[in-house]
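Keep the sequence and the model side by side.

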Amino acid sequence: MTASVEVVANRPAKKRTAWTALDAHSKKTSKLHLRDLFAEDPARGERMATEAVGLYLDYSKNRITRKTLKLLFELAREAGLQARIDAMFNGEKINVTEKRAVLHVALRAPKAVSILVDGQDIVPEVHAVLDRMADFCERVRSGAWVGHTGKRIRNVVNIGIGGSDLGPVMAFEALKHYSERSMSFRFVSNVDATDFAEAVRDLDPAETLFIISSKTFTTLETMTNANSARSWSLSGLGGDQKAVARHFVAVSTNAAEVTKFGIDTANMFGFWDWVGGRYSMDSAIGLSTMIAVGGENFRSMLDGFHQMDEHFRTAPYESNLPVLMGLLALWNNDFLGADTVAVLPYEQYMNRFPAYLQQLTMESNGKHVSIEGNRVSRQTGPIYWGEPGTNGQHSFYQLIHQGTRMIPCDFIAFAKPLNPLGRHHDMLLANVFAQTEALAFGKTPEQVKAEGTPDWLVPHRVFEGNRPSNTILAERLTPESLGKLVALYEHSVFTQGVLWNIDSFDQWGVELGKVLAQRIIPELENKTEPTLDHDSSTSNLIRRYRKLRDGA
């Protein structure tokens with residue numbers, strides 16, 4: 001590890017003077033209300049907003065003052081944020097527990113850029129894979145690639161889990177407007193057989209291509225589903241093993257296992273250890289996305305990613321969108337006590353965006369120890385969740401407006417609709433602006449009374465307001481703008497991780513349950529009653545399951 005990373009890692013959060021200053025400041029400003037902040041500064045809405053690479057961020061409805069921002073920027077400087085940004089872009093091994101570089105930014109770097117890992121320029125490798133992907137996708141989309149019986153491929157099923165599923169399915173849904181509508185796209189991730197059965201129930205094996213996405217080609221859920229897909233496909237194609245090579249491709253680095261499965265390694269698309277699963281949707285993991293929207297649109301998405309990367313790398317903190325988002329998230333989490341963040345895209349195509357962000361944010365920053373292995377002294381990793389508007393307004397917004405918890409919200413909207421239809425879009429955007437206004441300013445008892453409300457009903461109709469929100473506006477949902485939005489949140493997550501002094505790029509927390517499951521599987525599959533050595537609850541549940549399953 002380089003000196004720059006070591007210096008930052010040796011400055012734990014609890015020893016940073018800016019934390020102490022922010023603690024004191026948060027106590028002094030705890031009674032401030034957004035009504036007063038806007039009354040004192042009529043231009044606040046214009047002043048606390050910034051625009052970059054086609055995204056407009058209004059953060060004025062956060063419970064902050066100019067001093068709050070000044071102290072947050074000081075915290076970022078004290079934490080060595082710019083040094084960590086530079087270390088990531090320079091290919092240094094900032095994933096300290098796995099001793100790996102973190103270079104999802106290389107996946108969208110232009111050909112002219114040079115990024116070194118262990119002295120080797122990786123950008124040419126990235127573009128070589130992209131070129132192979134584009135060639136394959138064009139053959140599938142044009143009908144040049146045919147199945148075992150000579151029929152054209154009309155169905156694509158992506159089989160993966162975690163980042164190998166959440167990114168592709170989110171991107172497909174978000175970019176469906178740009179997709180090839182003569183083809184269908186399905187996504188299978190859950191080891192629950194229902195997920196696979198429902199995905200293929202109306203498909204013709206002769207017209208179906210499976211993409212198996214697993215770096216090691218040993219992931220339990222993915223390979224269980226892959227083997228079921230193989231059996232399903234062969235059953236519908238007369239059992240000829242040669243059919244596998246025409247109906248399966250792999251996104252993997254394990255050539256031996258891919259060959260063993262029956263896939264031609266010429267149709268294996270690789271990626272690298274310096275790409276984390278939740279940061280991989282713009283790698284070969286996005287093969288299904290590229291087939292759906294075409295190579296040109298996929299590269300446009302990569303360009304959107306890259307534009308945000310460069311903005312994050314070079315812009316001053318005061319106008320840096322990911323830095324501002326990260327600092328505000330940390331302020332709400334660590335100083336205002338917010339446990340969650342609601343992400344509310346007012347765009348139906350982005351219905352899977354909150355689910356995608358759940359892995360990106362919580363798998364990255366759900367950590368309880370610092371880079372040095374010490375217990376953290378601050379809350380990390382708020383819970384991200386959400387639904388597209390206006391559906392959520394008739395669901396959980398009641399709690400956001402009048403509940404006892406403060407829930408910061410990110411509203412995402414687009415000025416121009418992809419499907420213009422009468423008054424729909426103006427009504428949709430009116431709800432965005434109305435919700436942020438209502439959350440910020442609420443309705444006082446006096447206002448409620450002035451409407452003629454009976455005294456006994458007044459408390460029920462009061463909105464306290466002072467609920468923070470960000471509003472992100474873009475012109476239109478395009479592949480390019482989607483790339484910008486994903487990169488915005490990627491770098492916001494990174495910013496928060498640096499300030500908490502944690503490793504945002506490992507995920508040891510997913511390991512223990514998987515290890516224990518491998519122990520329990522044979523205990524469930526044994527024909528005879530197994531000898532169990534678990535706690536009394538787990539052992540009893542295993543026995544109960546076996547009894548119910550076997551009908552004894």
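How many of the five residues of strand β5 (residues 155-159) are buried? Five of its five are, so to read that count, note that buried means under 20% relative accessible area, exposed over 50%, and partly exposed in between, with a 1.4 Å probe and protein chains only. Helices (H or I, at least four residues) and strands (E, at least two) are DSSP runs, numbered from the N terminus.

This is a predicted model: local features need pLDDT of at least 70, side-chain atom pairs count only at pLDDT 80 or more, and totals for chains, interfaces and linings use all residues. Residues are numbered from 1 along each chain as its sequence is written, and side-chain values use heavy atoms, leaving out hydrogens and water.

Stay with β5. Both of its faces are covered. Asn 155, Val 157 and Ile 159 are buried on one side, and Val 156 and Asn 158 on the other. The strand pairs in the parallel sense with β6 (residues 184-188) over five bridges; two strands pair if DSSP finds at least two bridges between them. Asn 158 has Phe 187 as its bridge partner in β6. β5 also pairs in the parallel sense with β7 (residues 208-213), over five bridges. There, Asn 155 is partnered by Thr 208.

β5, α8 (residues 163-174) and β6 make a right-handed β-α-β unit. Right-handed means that, with the strands pointing away from the viewer, the path from the first strand over the helix to the second runs clockwise.

Next, the largest pocket. It is lined by 38 residues. Thr 219, Gln 507, Val 510, Glu 511 and Lys 514 lie nearest its centre. The elements giving two or more residues to this lining are α8, α10 (220-236), α16 (353-365) and α22 (511-525). α10 gives the most, with four residues. A pocket here is an open set of points on a 1 Å grid over the protein atoms alone, where a 1.4 Å probe fits, with protein on both sides within 12 Å along at least five of seven lines; lining residues have an atom within 4 Å of a point.

Turn to helix α15 (residues 321-335). All 15 of its 15 residues are buried, so α15 is largely enclosed by the rest of the structure. Just after α15, Gly 337 takes a positive phi of about 80°.

Finish at Gly 45, which lies in helix α4 (residues 44-47). Gly 45 and Tyr 59 are 14 residues apart in sequence and 8.1 Å apart in space, C-alpha to C-alpha.
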